[in-house]
Amino acid sequence: MGGADVLFQSVTAMAPAAAVVASIPGGAPFAGGSLPLSVLLALTASLLTASCLGELARHLPAAGSVATYAARGLHPAAGFLVAWGYVFAEALVPPLVLLQLGFTVAGTLHRQWAAYPAGLWWPWVLAGAAAVAAAGYRGIRASARLGTVLGAFEIAVLVVFAVLLIVRAGKDNTLSVFTPSHTAPGESAVGGVLAGSVYCLLAFAGFEAAAPLAEEARRSRRTVRRAVVGAALGVGALYVLTTYAMTVFHGPGRFAGFAANGDASWDGVARGAFGLMWVPVFLAVVNSCVANANAGASAATRTAYAFGRAGLFPRPLAAVHARHRSPVTALAAQTVVTVVVALALGFVYGPVTAFYLIATGVVIVVVVVYIAADLACAGYFLRNPGLRPVRHLLVPALASAVLVPALFTAAGLPVFSFVTPLEPPVSYAGAAVGAWLLLGTGVLLVLRRRYPERLSGSAFEGVEMDR
C-alpha cells in the first residue's frame with residue numbers, strides 16, 4: 001500500500017467536511033470572529049502530538065500502533081489498556097458517523113421533498129455499514145483506495161467553496177481575524193481564543209489513524225510517519241483556510257452566532273448566498289461520513305487483529321481472509337457493533353442525540369490515548385538510543401499540557417470556566433467509558449495472573465500482513 005493511500009487513511013479519519021461544518025463552529029460562541037486564530041492554535045497543538053506519534057511510528061511500525069507505543073514506552077500493562085480503549089473508540093466511529101449520515105440525508109431530502117419522512121434515517125445507516133463492510137472485506141487496498149477517492153472529493157469541494165467565499169468577501173478580507181480582537185461578547189481576548197481552540201482541537205482527532213496500517217504499508221517506517229504528521233498539517237491548513245473564508249464572508253462581528261445549522265451555518269450560507277452550492281457541500285458531508293466510517297473500521301479491526309494475534313484479545317480476531325488478507329472476524333464483529341449501536345441508540349434517543357452521546361465517549365478516549373502516546377514518546381527514547389531532548393521530551397510535555405483542557409471539555413467537567421457541563425443522556429458517555437476501562441482493568445489482571453507471557457514486550461511487536 002502506497003503513501004497516498006496511507007495518508008488518506010488519516011485524512012478521512014479526521015472527517016474534514018464534517019468537522020468544518022459541524023465541529024469547528026462549536027468554538028464560535030467563545031472565539032467569535034477570532035475563530036481562525038483558535039484553529040491555528042489547535043493546529044499547532046495537534047502537530048505536537050503528531051510529531052510524537054510520528055517519531056514512535058518510525059521506530060515501532062506495528063498494527064498495534066498507539067498501544068504498541070504505550071507498551072514499549074511506558075509498560076506492557078499500559079499498552080493493553082490503551083489497546084482496550086482505542087479499539088472501543090475506533091469501533092464506535094462507524095456508528096457515530098453513520099448516524100450523522102442518516103440524519104443528514106434524511107433531513108436534506110425532507111427539506112427538498114416534503115413527502116420524504118424526516119425521521120427515515122436508518123436505511124442510510126445500513127447502506128453506509130454495508131459499503132464499509134464490503135470495502136473492508138476486499139482488503140486494505142480496496143478500503144484505502146475508497147478513502148483516497150472520498151477524501152480527495154471532500155477536500156476539493158471545501159477548497160472551491162472557500163475560494164468563492166474569499167472572492168465574494170472582497171474588501172472585507174482581513175488578517176485581523178488572526179488576532180484576539182474579535183472574540184465573542186463577554187469573553188476576554190485571550191480566554192475566548194483559548195476556549196475556541198479547545199473545541200477546534202476536537203476536530204483534529206483521527207490524524208493517527210494511519211499508524212495501525214504500519215504492517216501493510218510499503219516502507220512503513222517513513223510512510224506512516226509522513227502520513228500522521230502530513231494529515232495533521234494538511235487538514236489543519238484546510239481548517240484554517242475554510243474558517244478564515246467563512247469568517248470574513250459572514251462578518252467577524254457576527255460570527256459568535258455562527259453554528260452547525262440554520263441560516264448562520266455552512267449549509268445556510270451555501271443555500272442563501274450561492275444557490276445550488278449547497279448540493280456539493282451536502283455531498284461532501286455525506287462523503288466525509290462514509291470515509292470516516294471506513295477509516296474508523298480499518299483502525300479498529302487492525303488493532304483488534306494485532307492484539308488477537310498476541311493473545312491479549314480473543315484469538316479469532318487474528319483470522320485473515322486467505323485471498324484478500326483482511327481480518328475477516330474482526331471486520332464481522334465491527335459490522336455487528338456498527339449496526340447494533342447505531343440503530344439501538346438511534347431509536348432510543350433519536351439519531352442526533354445518539355450521535356452526540358457516542359461522540360462524547362469517543363473523544364474522551366481519544367484524548368486520553370493521545371496523552372498516553374505523548375508520555376510514551378518520552379519514555380521510549382529515555383530507554384533507547386537516539387534521544388533528542390527537544391523532540392522527545394519538551395514536545396511531549398507541551399502536547400500533554402495542551403490536551404488536558406480538551407479532555408475536561410470533552411467530558412463536560414467544569415474545571416475551566418468555558419467548559420459546559422453535559423446533560424443526560426450525553427453525560428452518560430463518561431460513565432460508559434469508565435465502565436469499559438474498569439472492565440479492561442479486570443481483564444488485564446486476569447491476563448497477568450494466568451498468561452503473564454502474553455503481556456511481555458514481544459507481544460507488541462509487528463509482523464507483515466499484506467503489502
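Modeller: A helix here is a DSSP run of H or I at least four residues long, and the helices are numbered from the N terminus. The model is predicted. A salt bridge is taken as a side-chain nitrogen of Lys or Arg within 4 Å of a carboxyl oxygen of Asp or Glu, and a search of the whole structure finds 5 of them.

I begin with a pair inside one helix. Arginine 271 forms a salt bridge with aspartate 267, with 3.0 Å between the closest N and O atoms. Both residues belong to helix H11 (residues 266-274), and because they are 4 residues apart, about one helical turn separates them. For burial, the cut-offs are under 20% relative accessible area for buried and over 50% for exposed, with partly exposed in between. Arginine 271 has 26% relative accessibility and so counts as partly exposed; aspartate 267, at 23%, therefore counts as partly exposed too.

Arginine 391 forms a salt bridge with glutamate 55, and their closest N and O atoms are 3.5 Å apart. Arginine 391 is in helix H15 (residues 389-411) and glutamate 55 in helix H4 (residues 35-59), 336 residues apart. Arginine 391 counts as partly exposed because its relative accessibility is 29%, whereas glutamate 55, at 0%, counts as buried. The two also take part in a network of salt bridges that links Glu55, Arg58, Arg225 and Arg391.

A further pair is formed by aspartate 172 and lysine 171, whose closest N and O atoms are 3.9 Å apart. With a relative accessible area of 42%, aspartate 172 is partly exposed; lysine 171, with 79%, is exposed.

The context you asked for starts with helix H12, residues 278-309. Helix H12 is mostly covered, since 28 of its 32 residues are buried, buried meaning under 20% relative accessible area. Glycine 311, which follows H12, has a positive phi, near 80°.

Two or more lining residues come from each of H6, H12, helix H13 (328-349), helix H14 (351-383) and helix H16 (428-450).

Leu41, Val190 and Leu194 make a nonpolar surface patch of about 250 Å². Valine 190 is found in helix H9 (residues 189-201), and its 54% relative accessibility is why it counts as exposed. Elsewhere, alanine 115 is placed in the loop between helix H6 (76-112) and helix H7 (122-137); at 78% relative accessibility, alanine 115 counts as exposed. The C-alpha atoms of alanine 115 and valine 132 are separated by 29 Å, the two residues being 17 apart along the chain.

Note on methods:
Residues numbered from 1 in each chain as written. Predicted model: local features only at pLDDT ≥ 70, side-chain atom pairs only at ≥ 80, totals over all residues. Heavy atoms only, no water. Buried < 20%, exposed > 50% of the residue type's maximum accessible area, 1.4 Å probe, protein only. Patch = residues over 30% accessible without salt bridge, like charges linked within 9 Å, V, L, I, M, F, W, Y side chains within 5 Å. Areas by Shrake-Rupley, 256 points an atom, 1.4 Å probe, with all protein chains shown as cover.
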